[in-house]
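I opened my notebook to record what I looked up, one entry at a time.

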Amino acid sequence: MIFSGIQEIDHMDSHHFAYFVIHLFHGFGYSVKHFLQQDPSCLDIVFSKNNEQMLVQASNQKKFFAADAINRLAEEMSRSKATTAWLITTYDFTPEIYEKALANKVELINRDRLIDMVITLKKNQQMLSMLGVGK
């Protein structure tokens with residue numbers, strides 16, 4: 001699932017996209033502390049790594065309201081022990097959303113960055129395989 005092509009990702013329903021994001025971050029060494037899908041268009045995940053917590057909202061829906069998601073992430077950051085917050089989508093963000101995210105210290109992962117993350121993970125896995133690590 002983790003090395004699905006972008007065309008496959010584009011056709012995933014919200015449930016499968018949620019598990020794709022979880023597996024992707026697991027590949028980078030994160031573990032899931034909390035997972036909640038409050039509505040069909042958006043997934044809330046809390047990841048942890050090296051005693052740090054990261055809040056993530058992920059959506060592959062066109063009718064996804066990024067401004068609302070940034071507000072929710074910023075509010076949750078102020079209430080939780082999270083050190084970072086990321087908003088992930090298979091689309092792109094408007095310039096206004098980039099400004100809002102910057103002001104609220106929310107990292108944006110658009111379609112291109114998501115593809116880059118998958119490619120990076122795939123290269124890392126291939127390198128480890130070549131070195132015989134994990135066998």
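My opening question was this: is Arg113 buried, partly exposed or exposed? I found that Arg113 has 34% relative accessibility and therefore counts as partly exposed, where buried means under 20% relative accessible area, exposed means over 50%, and partly exposed lies in between (1.4 Å probe, protein chains only).

Before going on, I noted that this is a predicted model, in which local features need pLDDT of at least 70 and side-chain atom pairs count only at pLDDT 80 or more, while totals for chains, interfaces and linings use all residues. Residues are numbered from 1 along each chain as its sequence is written, and side-chain values use heavy atoms, with hydrogens and water left out.

Entry on the fold. I counted five helices and five strands in the protein, taking helices (H or I, at least four residues) and strands (E, at least two) as DSSP runs numbered from the N terminus. Along the sequence they follow the pattern α-α-β-β-β-α-β-α-β-α.

Entry on the whole chain. The protein has 135 residues, and 40% of them count as buried. I also looked up its contacts, meaning heavy atoms within 4.5 Å: of those with a separation of 6 or more, 44% are between residues 24 or more positions apart. The protein exposes about 8200 Å², with carbon and sulfur atoms supplying 53% of that area, as given by the Shrake-Rupley method with a 1.4 Å probe.

Entry on salt bridges. I found three of them in the structure, each being a side-chain nitrogen of Lys or Arg within 4 Å of a carboxyl oxygen of Asp or Glu.

Arg113 belongs to one of these, for it pairs with Glu107, and the closest N and O atoms are 2.7 Å apart. Glu107 is also partly exposed, at 33% relative accessibility.

Another salt bridge joins Arg111 to Asp10, with 2.8 Å between the closest N and O atoms. This pair links distant parts of the chain, since Arg111 lies in helix α5 (residues 111-131) and Asp10 in helix α1 (residues 6-10), 101 residues apart. I noted Arg111 as partly exposed at 27% relative accessibility, and Asp10 as partly exposed at 32%.

The remaining entry concerns Arg79 and Glu76, whose side chains meet in a salt bridge at 2.8 Å, N to O. Both lie in helix α3 (residues 66-79), and because they are three residues apart there, about one helical turn separates them. Arg79 is exposed, with a relative accessible area of 59%, whereas Glu76 counts as partly exposed at 30% relative accessibility.
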